[in-house]
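Thanks for coming, everyone. Let me put the structure up on the screen, and then we can walk through it.

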Amino acid sequence: MWETKTLFRIALLTVFLMAGNSVWAQRTGSAGGGPRLYESRTFQIYTDLSEVDARELLKDLETMIELVSKYFGHPCRKRIQMFVVEDLSRWSPEERGKMLPEGLTSIQGGAGLTVTRVQQYVGGPKIDADAVVFAVSKHQTPMHEAIHAYCGLTFGSTGPVWYSEGMAEVGKYFQAGEKGVNAPPYVIEYLKSEEPKPLDDIVNNPLERTGDSWQNYAWRWVLCHLLGYNENYSQRFKPLGLAMMAGNNTGFNNAYGTQFREIEFEYQLFLQDLEPGYRADLCGWDWKTRFRPLVGAAQLACKVDAQRGWQASRAKCVAGEQYVVSATGEWSTGPDSSEGNGQLVGIIFQDYVLGEPFPIPDGEPFTAPSDGQLYLRCQDDWGKLTDNQGSKTVRIKLAK
Ligand SMILES: [Zn+2]
């Protein structure tokens with residue numbers, strides 16, 4: 001969660017910050033396992049975590065902030081101050097008193113809160129910002145809140161709820177060199193067990209101040225992950241985010257209104273195929289290639305990359321008609337691949353609806369199960385495309 005306090009009087013702000021500062025002046029913790037202060041380049045963390053865990057957390061946070069800074073093209077302007085609580089009973093009343101009341105309340109509710117204080121003269125521009133994070137140590141909450149703090153400090157706002165919370169979820173899963181889905185299994189299982197939440201409901205879903213569920217966060221994550229990684233949408237996503245955080249009058253519909261059906265289709269496909277390691281960047285749908293029917297002895301050729309999801313064959317099929325394919329080239333799936341993987345498979349797309357996948361034998365006729373555009377791929381588990389190699393050139397013609 002994230003909230004802002006815009007303080008219109010500098011004098012008031014000074015008082016506010018001094019109250020906060022007293023915490024950071026105290027460098028040594030109490031002897032009985034109470035909270036202690038740990039510091040790194042970008043973070044000051046006041047926490048009752050063990051020293052090993054606290055330093056591990058700092059390392060993860062620094063890595064994440066480096067990745068998010070690179071993504072937005074802005075370094076973090078200031079140190080982020082965090083209260084991270086593993087067990088509140090280790091915090092004396094005096095220690096708890098160092099937190100803002102709303103931060104303590106959030107921690108007592110098992111969650112987190114980032115308070116960004118924006119310094120602004122009456123009627124004047126924003127001139128400075130500070131961010132303080134209050135978070136429980138579990139569920140990667142400190143990582144999530146640190147994204148809010150970075151955005152608040154760097155851009156003065158974190159954008160609308162779907163973006164703010166969705167990106168905080170995306171960010172908390174950031175790992176160097178990792179493009180695959182690495183949300184925890186319970187999140188993936190939940191998303192796959194539900195009817196897809198309508199996109200309009202996600203982008204218009206306000207933050208529920210009390211007990212906004214992790215399920216709502218999961219839906220926001222899905223949308224932001226898809227838009228951020230799928231190359232059909234990622235180019236517009238960053239400028240949209242920056243514009244929304246700058247307070248410009250824009251939003252999801254402005255940026256993606258004309259692509260709504262495409263996004264809706266890919267969103268549903270993403271949820272259907274979602275598993276750990278799924279690469280949204282490799283599975284973007286090809287909306288550009290032109291398809292045409294096969295006539296007489298004419299043939300169409302396309303290249304199918306073993307590492308990618310469904311790819312355009314260029315052939316428009318007719319239900320019941322027989323076709324034959326010849327494939328040249330080599331590809332391989334990874335070592336821990338399941339039986340049957342590596343087979344060329346097809347699927348028919350028609351009017352934003354997909355049929356069932358079917359195997360396509362090399363050199364033998366197959367029957368098109370329905371009318372529509374034929375897409376192809378190398379059969380493999382959706383979460384294991386990363387280690388595939390090679391490609392095939394596929395030629396398709398009528399089997400007459
Ligand atoms: Zn949040």
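Start with one side chain. Arg 220 holds its charged end over the ring of Tyr 217, 5.0 Å from the ring centre. Keep in mind that this is a predicted model. There is another case of this kind. The charged end of Arg 377 sits over the ring of Trp 382, and here the distance to the centre is 3.7 Å.

Now the core. Which residues have the most contacts inside the largest nonpolar core? They are Trp 162, Leu 191 and Trp 221, and the core itself has 84 residues. Helix H9, residues 214–229, gives the most to this core: nine residues. Where does the core lie? Domain 1 (2–273) and domain 2 (292–398) both contribute residues, so the core lies between them.

At 1.5 Å a residue, H9 should span 22 Å, and its end C-alpha atoms are 22 Å apart, which agrees.

Next, Trp 162. What does it touch, once we set aside its neighbours within four places in sequence? The contacts are Ile 202, Val 203, Arg 220, Leu 223, Cys 224, Leu 227, Phe 237, Leu 240, Met 244 and Phe 252. Arg 220 is the residue we began with, the one over Tyr 217. Trp 162 also belongs to a cluster linked by ring pairs. The cluster holds Trp 162, Tyr 163, Tyr 233, Phe 237, Phe 252, Tyr 256 and Phe 260.

That brings us to aromatic pairs. The count comes to 35. Take Phe 83 and Phe 134. They are stacked, 5.2 Å centre to centre, with 5 degrees between the planes. Phe 83 is in strand S4 (residues 80–85) and Phe 134 is in strand S6 (residues 126–136). The pair links distant parts of the chain, 51 residues apart. Both Phe 83 and Phe 134 are buried.

Now compare the rings of Tyr 190 and Trp 219. Their centres are 6.0 Å apart and their planes are at 70 degrees, so this pair is edge-to-face. Tyr 190 is in helix H7 (residues 185–193) and Trp 219 is in helix H9, so the pair ties together parts 29 residues apart in sequence. Tyr 190 is buried, and Trp 219 is buried as well.

That's the tour. Questions, please.

Technical notes: Residues are numbered from 1 along each chain as its sequence is written. This is a predicted model: local features need pLDDT of at least 70, side-chain atom pairs count only at pLDDT 80 or more; totals for chains, interfaces and linings use all residues. Side-chain values use heavy atoms; hydrogens and water are left out. A nonpolar core is a set of buried Ala, Val, Leu, Ile, Met, Phe, Trp, Tyr and Cys residues joined through side-chain atoms within 4.5 Å. Buried means under 20% relative accessible area, exposed over 50%, partly exposed in between (1.4 Å probe, protein chains only). Helices (H or I, at least four residues) and strands (E, at least two) are DSSP runs, numbered from the N terminus. Domain bounds come from an automatic or database domain assignment. Contact means heavy atoms within 4.5 Å. The expected span of a helix is 1.5 Å times one less than its number of residues. Rings of Phe, Tyr and Trp (its six-membered ring) pair if their centres lie within 6.5 Å; planes under 30 degrees apart count as stacked, over 60 as edge-to-face and the rest as tilted. A charge sits over a ring if NZ of Lys or CZ of Arg is within 6 Å of the ring centre and within 35 degrees of the ring normal.
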